Amino acid sequence: MASTSVDPRSYVDFEPRIEWFKGKESDTIIVDVSGFKKEQLKVLINSAGNLKISGERPIEGSHWSRFLRSFTIPKNRNMRGIQAKFDGDEGLLYVILPISITTPEFIPTIPTKPQDSSTVTSTQQEASSLGKKEVPKMQEKVEEKDRISGENTTEDYTEDKAAIGSARKGSAAVAVASVVNKRKVVILCVILGVMVSLGLAIYLSYRLKGL
């Protein structure tokens, strides 16, 4: 019967000294891992943006020393650009977190000439005074326009009335003249008829006497 060997490890947890330095282009996490080798360290990053640094090393016999530290990576860090460097001489682990560089959207601006506050105030005062002066002038113009339009309406009414009267008088005169002319024509016709009748009578009497 084969015997199975079980690794009787006992772990001693410890807290390594950690420093976080922030820079303009990147942040650097420095972990003091004195006594550890490179192959005994692990640096893991998951999709949630969590950074885990861990290590295990034997102390003596079946006793092991281990540590585990977790960090939340800021949102403005370049996840793909994270690097880990181990310095065995100093016993330090460097984890570099580069800052994402976002190009700001270019928005063209039109330079405007600054105005003196006194000039702006004086301009506003002039505009206000001009507005106050223009209001009564506009009211006077409107009143004058209404008055002129009223006068013109009265004059037009008087002229129309006079024109209607003269037209009536003219039509009446024309009617009277036409009646008088008709009478004159009738009288002339009668006179001519009488004269023609007299002439025929004289002519016939003269002829009868000659026979």
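This is a predicted model: local features need pLDDT of at least 70, side-chain atom pairs count only at pLDDT 80 or more; totals for chains, interfaces and linings use all residues.

Visitor: What is the general idea behind pairing of charged side chains?

Guide: Side chains of opposite charge can pair when their charged atoms come close. In this structure, a search of the whole model finds 5 salt bridges.

Visitor: Which residue forms a salt bridge with glutamate 15?

Guide: The partner of glutamate 15 is arginine 69, and their closest N and O atoms are 3.6 Å apart. Glutamate 15 lies in the loop between strand S1 (10–13) and strand S2 (18–22), whereas arginine 69 belongs to strand S6 (residues 63–72), so the pair ties together parts that are 54 residues apart in sequence.

Visitor: Is glutamate 15 buried or exposed?

Guide: Glutamate 15 is exposed, its relative accessible area being 62%. Arginine 69, at 26% relative accessibility, counts as partly exposed.

Visitor: Which residues are linked with Arg17 in a network of salt bridges?

Guide: The network links Arg17 with Glu19 and Asp32. Arginine 17 meets glutamate 19 in a salt bridge with an N to O distance of 3.1 Å. A salt bridge also joins the side chains of arginine 17 and aspartate 32, at 3.7 Å from N to O. This second pair links distant parts of the chain, with aspartate 32 in strand S3 (residues 26–32) and arginine 17 in the loop between S1 and S2, 15 residues apart.

Visitor: How is the accessibility of arginine 17 classed?

Guide: Arginine 17 counts as partly exposed, with a relative accessibility of 48%. Glutamate 19 also counts as partly exposed, at 32%.

Visitor: Which residues does phenylalanine 36 touch, not counting residues up to four places away in sequence?

Guide: With those neighbours left out, phenylalanine 36 touches Phe14, Leu41, Gly55, Glu56, Arg57, Ser65, Phe67 and Phe86.

Visitor: How many residues apart in sequence are phenylalanine 36 and leucine 93?

Guide: They are 57 residues apart in sequence, and the C-alpha atoms of phenylalanine 36 and leucine 93 are 9.9 Å apart in space.

Notes. Residues are numbered from 1 along each chain as its sequence is written. Side-chain values use heavy atoms; hydrogens and water are left out. A salt bridge is a side-chain nitrogen of Lys or Arg within 4 Å of a carboxyl oxygen of Asp or Glu. Helices (H or I, at least four residues) and strands (E, at least two) are DSSP runs, numbered from the N terminus. Buried means under 20% relative accessible area, exposed over 50%, partly exposed in between (1.4 Å probe, protein chains only). Contact means heavy atoms within 4.5 Å.
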